[in-house]
Amino acid sequence: MFRGTGIASPGGLFGGRLVYRQPDRGFRTAVDSLALLCFVDSLALHPTSVCDVGCGSGFLALCCALLFPDAKVTGVEISELRAQAAEQNVQANGLAGRVRVLRADVRDPASTEGARFDLVLSNPPFTPLGRGPLPKDSETAVARFETSLDMEAFVEAATSILAPD
C-alpha cells in the first residue's frame, strides 16, 4: 500500500537518517518540500514546537524533527489515508516520542488540541480552482488545488496556531 518513490527512496534520505514512504497513488512529495526545508534551515531558528499544517505523509514534519532535535513536532492532516501514512513514517523513524500526527481540519480550532507553535510551516495547495484541470484522483486534487479552502483561509488558520512572541 505504501512505497518509496522519487525523493522518497527506500534507502532513506539524509544519509539514511530518514525513511519515508507514501501511498502508492495520488500526490507525490516533490522538490518544493525540500526547497521549503532549505529555506527554514537558513533562518537559523531554534523552535521548541513545530507544526506542519497539511502534513500529507509527514515529510516536512519528519525533516523538522531531524533539523530541530529539541523540538516537539505536530503534523495536522485532513486526509485519513495521508495521516495514516504520516503516522507509519513516524513509527518507522522511531520518532513517536517527538512527532505526533493529528487527523483534523486545521480550520477547526480544536485541530491542534489547543497547542500553539513557535514555527508553523506548510506546503499548501496553492492553485486556485479554475486555473487548470483538476486531477482525477481526489487526494491529488485536494493537495494541489484550493478545493476546500483558499489561500487566505489557509493562512488565517495557520496563523491562529502560532505562539505569541
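Trainee: Starting with helix H1 (residues 31-42): what should its 12 residues span?

Mentor: At 1.5 Å a residue, they should span 16 Å, and the end C-alpha atoms are 17 Å apart, which agrees. The expected span here is 1.5 Å times one less than the number of residues in the helix. Helices (H or I, at least four residues) and strands (E, at least two) are DSSP runs, numbered from the N terminus.

Trainee: Before I go on, what kind of model is this?

Mentor: It's a predicted model, where local features need pLDDT of at least 70, side-chain atom pairs count only at pLDDT 80 or more, and totals for chains, interfaces and linings use all residues. Residues are numbered from 1 along each chain as its sequence is written, and side-chain values use heavy atoms, with hydrogens and water left out.

Trainee: Back to H1, then. Which residues of H1 are buried?

Mentor: Ser-33, Leu-37 and Val-40 are the buried ones in H1. They cover an arc of only 60° around the axis, which puts them on the same side of H1. That arc is taken from the directions between the helix axis and the C-beta atoms. "Buried" means under 20% relative accessible area, exposed is over 50%, and partly exposed is in between (1.4 Å probe, protein chains only).

Trainee: And what's exposed on the other side of H1?

Mentor: Val-31, Cys-38 and Ser-42 are exposed there.

Trainee: What covers the buried residues of H1?

Mentor: The cover includes helix H2 (59-67) and strand S6 (119-121). Contact means heavy atoms within 4.5 Å.

Trainee: H2 next. How many of its residues are buried?

Mentor: Seven of the nine, so H2 is mostly covered. The buried ones are Phe-59, Leu-60, Ala-61, Leu-62, Cys-63, Cys-64 and Ala-65. They pack against H1, S3, S4, helix H3 (80-92), S5 and S6.

Trainee: Several of those are strands. What order do the strands of the open sheet have?

Mentor: The four strands run S5-S4-S3-S6, with parallel pairing. Strand S5 (99-103) and S6 stand at the edges with a single partner strand each, so one side of each is left without a neighbour in the sheet. From one strand to the next, the twist averages 20°. For that, axes are lines fitted to C-alpha atoms (for helices, over the stretch in contact), and angles run from 0 to 180 degrees between N-to-C directions.

Trainee: How many bridges do S3 and S4 pair over?

Mentor: Strand S3 (residues 49-53) and strand S4 (residues 72-77) share five bridges in the parallel sense. Two strands pair if DSSP finds at least two bridges between them. To find your way on screen, look for Ser-49 opposite Lys-72 in S4, and Val-53 opposite Val-76 in S4. S4 is mostly covered too, with five of its six residues buried.

Trainee: Changing topic: how many aromatic pairs does a search of the whole structure find?

Mentor: One. The rings of Tyr-20 and Phe-59 have centres 5.2 Å apart and planes at 70°, so the pair is edge-to-face. Rings of Phe, Tyr and Trp (its six-membered ring) pair if their centres lie within 6.5 Å; planes under 30 degrees apart count as stacked, over 60 as edge-to-face and the rest as tilted.

Trainee: Where in the chain are Tyr-20 and Phe-59?

Mentor: In distant parts, 39 residues apart: Tyr-20 is in the loop between strand S1 (2-3) and strand S2 (22-23), and Phe-59 is in helix H2. Tyr-20 is buried, with a relative accessible area of 1%, and Phe-59 is buried with 2%.

Trainee: One more residue: what does Thr-112 touch?

Mentor: Not counting residues up to four places away in sequence, Thr-112 touches Cys-51, Val-76, Arg-100, Leu-102, Phe-117 and Ile-161. Thr-112 is in the loop between S5 and S6, and is buried with a relative accessible area of 1%.

Trainee: And the whole chain? How many helices and strands are there?

Mentor: Five helices and six strands, in the pattern β-β-α-β-α-β-α-β-β-α-α along the sequence. Buried residues make up 43% of the 165 residues.
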